[in-house]
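Welcome! Take a look at the structure below, and then we will walk through a few of its features together.

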Amino acid sequence: MHLRTRVRYLVALGVGAVALAAVAASAALSAPQRSNASVILDGTTDTVTNVDPAGNYDYGSFTVDILIYQHLLDFPAGSKVPSPSLATGCSANAALTAWTCKLKQGVKFSNGDPFTSADVKWSFDRVNKIKDPSGIYGLLANLKNVTTSGAYSVTFHLKSAQSTWPFILTTGAATIVDHKVYPAGKLVANSDVANLVGTGPYKLTKFTPGQQAVFELNPNYAGAKPKNSSVIITYYAKSSTMKLALQQGTIDMAFRDFTPTEYAALGKTSGITVFKGNGVVIRYLVLNVKRTPTNNPAVRQALAYLMPRQDIATRIYHGNVQPLYSMVPAGLPGHTDAFAMQYGTAPNTAKAKAVLTKAGVKMPVPLTVWWTPTHYGDASADEYTEIQRALNASGVFKVTLKSAEWATYSKTLGTQYGAFQLGWFPDYPDAEDYLVPFYDSHSNFTSNGYKSAAMDAILAKEQAAKTTAERLVYVEQAQTLAAKDAPIIPYWQGAMLAVARSDIHGIPGTLDPTYIMRFWELSKS
Amino acid sequence: MGAQGPSLKRYALTRIALVFPMVFILLTLVFLLMRVAPGNPVSAALGGHVPPAVINQISRRLGYDKPVYVQYGDYLWDVARGNFGTTISDRRSVGSIILVNGAATLELTFFAMLVALVVGLLVGLVCGRFRDSPIDAGGRLFGIVVYATPVFFLGLLAQLVFGVWLNWLPTSDQASPITLALMKTHTNILFIDAIIDGNWGALWDVVQHLILPATTLGIVYGGVFIRLIRVNVIRTLKEDYIEAARARGINERSVVYRHAFKNALVPVITVVGLQLALLLGGAILTETEFNWPGIGHELYVYLQNRDYAAVQGIVVVFGLVVVLASIVIDFAAAFIDPRVRY
């Protein structure tokens, strides 16, 4: 190499080294703190469809919305009944067809606009006007119209009596937005952060789809001051990646969702705690009452006798779910262990054989069971292998498993499947939302063909009940009849799980059946 | 040159003209594939939660009940006007996905290609220079192993070793949450945005986050370059002009690095173009594994939601990038070597 060339190399090397050192030094001085003291860094595998509450019907968007917006009624931590939030109270007429709410005064949106009855009427009207494909407007199907009386009183006129209307007022469809900002007939785009204003504890300051949502304190928030200065939610496509980020300390906590194996591994990781609270997510096996062999009540009852609930909870979910003996999860008012009372808590092969023998059904009964691989989590494969193992081992059934991806599966359900897996996450945490969509012949979305005049009558009485005590009587009757007819076999109820590093406090206080992560209650030490 | 000019021009025009039928076939295939299976975005989002009548009602409103040929015609008409549409699940314009998330993919693939070239050139050159030695055997083995390893598996290993066990590097995302929250975006390529703002702390954070995904993706594709460059170096070292250089007394180091190596690089240009398609395919897996918010990551999410508009738009853009890159490479090859005409 020529001397001149060598000198050139040396000079270049020197300049490069100096530049690198400068960058490194500057970086060391100005490196952003990995985790700011009072900023809660959360991770999730949920996705956000639309921040605008008129355009979403998914949990990921709802989690964002509860930080920005409020409802007339909300669920404070630990409460199972709707409590005044933007309203001071709501009451119904004698027929339960009109609900009037008195509104709080002096409340402001994060942009400074005052909150009045005009905002309430506007919010409900635009949900019904936009009729977003997310289907959120369906929650207001019973709403005839909204009228206001002065600036602080509003009345909801219903098409038919509904005792659970206060629960509807806590859902995403009833989120209150600023009538001066939100257009009547279209959604505010996710990118239009400045106009996604609400009265909630935070305001959204940055939203990068599929990547990050940044929340800072709402200076106009009328409630108790949040226990942190801001919340940053990072979105993950894979739970395994989120797990590594949590272990590394990139995020402080993760709420929804890991696989059962990952939860088990995280539970054993030093400095990380898996918090478990009452949950309201359920899984169940739908049986088509119009197709053989499940059109025979004896076959359905035999399946109810043999469902391996405890094995699924222990072996597949490592205790993160609990056996469920009714469509209404334990913890909600009105819950009864109807299936346990009728079929016992453990699988009973003798009784299953007896019911089939009595009905003259030849055993083993061939049965095709459908399940879907990803929509309900990776554990579904193990879950259904366990069900197949248990049913085949009994000698009562000869089960063939078949699966289809969700896009195909969700379109098919009872139109072609005889026995199939489904899960349910409630629109509102009340027994009614676990009964009407499944057993009411007008609302049954599973297409399993179940129609029962007796059940319809019970559910109609439940919806029109004047008092909670009266309503819960019908709730219990519906569960008993559902267990007897067994068009659906519920088998587990999931816990509400959140995982956090040791410096995050307040999580246990927000894990209740309402399934709301109240980030404003969390602090960081 | 006078004789070559019209020929190259004709060749260029032919290649450009071929883009249109290629894109048309791509559009048609993607459109049909998305509609072969039952179900649509509405049933994917609402199935198992609302009655079928509601799903059908919404599907009708969005035009999913129209005959496929009508939907196809509408789609082609929109694309012809440069409108790739809006995603169904989250109402983003496909154009913004391509701009924002495409920038992240560009950042990742650029640095991955850099890694692939550096690894390929260095190892390939050394292997070719020391043919049949233990170094050569080791280099070849390395090339085969990394190329045969699935990119997500290599990514997982890298995350565990360098992220969790050694805790040297972050295992996911484009930057740490707070950096992302505070950074201003100009080009959506964070590496450049940090430089524009003179935000060296953010730049360092971004670089740290780039290392694992870019190296993982780059090393896998470096395997191809290793073998290619090794073979070319060996072949070039046997050429007459190399023997002549040696006979003139030029030292071996200069012969290898100044004469043989330069000529061995020419075929690499073509392969770089071909590798781009594979690199984009690998980027989907890498981005998902590292939660890198690129276009492949988005494709993964939208595919799950059966979001027709998003998937069609993203796949077509992927296709266009590959087609355009192959054209550029063909032009470059034809320009360098006048014998090249396809």
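**A first tour of the model**

Within chain B, consider contacts between residues at least 6 apart in sequence: 74% of them join residues at least 24 apart. Keep in mind as you read that this is a predicted model.

**Chain B overall**
- Chain B has 15 helices and zero strands.
- Of its 342 residues, 43% count as buried.
- Along the principal axes, the C-alpha atoms of chain B fill a box of roughly 85 × 60 × 40 Å.

- In soluble globular proteins, nonpolar side chains tend to be buried together.
- Here, the largest nonpolar core has 242 residues, and A:L435 and A:I489 have the most contacts inside it.
- Helix α10 of chain B (residues 200-237) gives the most to this core, contributing 19 residues.
- Which residues does A:L435 touch, leaving aside its neighbours within four places in sequence? They are A:M327, A:V328, A:L459, A:V475 and A:A478.

**A sheet in chain A**
- Four strands of chain A line up in the order β4-β5-β7-β6, forming an open sheet with antiparallel pairing.
- Strands β4 (87-92) and β6 (143-148) of chain A stand at the edges with a single partner strand each, so one side of each has no neighbour in the sheet.
- From one strand to the next, the twist averages 20 degrees.
- Strands β5 (residues 98-103) and β7 (residues 153-158) of chain A are joined by five bridges; in one of these strands, β7(A), A:S153 is the bridge partner of A:K102.
- Helix α3 of chain A (residues 117-130) packs on the sheet, where it touches β5, β6 and β7 of chain A. The direction of helix α3 makes about 160 degrees with that of β6(A).

Methods:
Residues are numbered from 1 along each chain as its sequence is written. Chains are lettered from A and ligands numbered from 1 in the order in which they are written. This is a predicted model: local features need pLDDT of at least 70, side-chain atom pairs count only at pLDDT 80 or more; totals for chains, interfaces and linings use all residues. A nonpolar core is a set of buried Ala, Val, Leu, Ile, Met, Phe, Trp, Tyr and Cys residues joined through C-beta atoms within 7 Å. A residue is buried if 20 or more other C-beta atoms lie within 10 Å of its own, exposed if 12 or fewer, and partly exposed in between; C-beta atoms are placed from the backbone. Helices (H or I, at least four residues) and strands (E, at least two) are DSSP runs, numbered from the N terminus. Two residues are in contact if their C-beta atoms, placed from the backbone, lie within 7 Å. Two strands pair if DSSP finds at least two bridges between them. Axes are lines fitted to C-alpha atoms, for helices over the stretch in contact, and angles run from 0 to 180 degrees between N-to-C directions.
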